[in-house]
Amino acid sequence: MINGYEELEDHNQVEITLNKDIVLKDTTILVESGVDVTIKGDGHKIDATLTGDIEAGDEGAHNPGMDAVSIVEGGSLTLENVTLNISKTGDGENATQGIYNDGTLVLGQDATVTIDGVSQNGINGSGALSVESAELTVQNVTGTAVKAGTTNISHSTVFATGTGAHGISVTDLIVTGDAAVTVDDAAYYGVRASGDVSMSGANTKVTVENSSNGTIEGEEGAEPTTSARSCWAATVQAPSA
């Protein structure tokens with residue numbers, strides 16, 4: 001443990017298998033550039049709580065303990081058969097965030113990730129995101145549930161609800177393999193992709209409900225490209241925002 005970070009950078013390829021549940025408080029799991037980390041939970045869980053007691057650095061830069069996970073550009077993190085619960089606890093008023101990803105984040109086989117109540121974004125950054133045979137839930141966050149670069153969702157369930165900004169905001173969005181993506185109660189765009197959107201799979205579905213009704217940063221609510229209630233099936237060409 002160094003400066004609040006759980007260091008995982010001893011080797012370029014790191015594989016960790018949990019043999020018990022882990023509890024972290026105001027601790028950032030940091031994946032450095034050039035390091036590929038795989039955490040295999042073997043059915044165990046990681047409970048990461050953020051109190052909001054950690055003050056930001058210069059110009060609001062996040063200090064250790066403000067993000068539960070941070071992946072530097074050029075680094076990658078894969079989660080398999082593990083439950084990761086990230087939540088805001090306590091009365092601290094400083095910023096908290098679930099996962100910051102400027103590298104590559106893979107929620108792999110049987111991974112279950114829940115992010116609840118953080119004061120900024122559930123997942124943030126410009127890195128690639130893959131959700132493969134996994135479950136992702138982001139709820140009650142002040143910012144956006146999921147911000148990412150190219151995002152692939154396959155054979156998975158993604159649920160975002162109660163966001164103060166967007167539900168899902170990415171560059172390219174690919175949803176395949178009978179995946180189910182649901183956004184409910186996003187203040188602004190339910191699903192927003194600045195690049196391409198593609199869907200395939202007989203039962204693949206993206207559903208947006210009760211969204212695009214609020215305001216963000218003083219602007220008007222979302223345009224009709226992402227309506228307050230919509231459902232896209234794989235047989236329909238989904239709109240790009």
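Colleague: What should I know about the model before starting?

Modeller: It is predicted, so local features need pLDDT of at least 70 and side-chain atom pairs count only at pLDDT 80 or more, while totals for chains, interfaces and linings use all residues. Residues are numbered from 1 along each chain as its sequence is written, and side-chain values use heavy atoms, with hydrogens and water left out.

Colleague: Which strands does the open sheet contain, and in what order?

Modeller: Strands (E, at least two residues) are DSSP runs, numbered from the N terminus, and two of them pair if DSSP finds at least two bridges between them. Here eight strands form an open sheet in the order 2-5-8-11-14-17-20-23, with parallel pairing. Strand 2 (13-17) and strand 23 (197-199) are the edges, each pairing on one side only.

Colleague: How is strand 20 joined to strand 23?

Modeller: By three bridges, with the two strands running parallel. Ile174 stands opposite Ser198 in strand 23.

Colleague: Is Thr27 buried or exposed?

Modeller: Buried means under 20% relative accessible area, exposed over 50%, and partly exposed in between (1.4 Å probe, protein chains only). Thr27 has 8%, so this residue is buried. Thr27 sits in the loop between strand 3 (22-25) and strand 4 (28-31).

Colleague: And Glu93, buried or exposed?

Modeller: Exposed, because its relative accessible area is 80%. Glu93 belongs to the loop between strand 9 (83-88) and strand 10 (97-101). Its C-alpha atom is 6.8 Å from that of Asp53, although the two residues are 40 residues apart along the chain.

How values were computed. Helix = DSSP H or I, 4+ residues; strand = E, 2+ residues; numbered from the N terminus.
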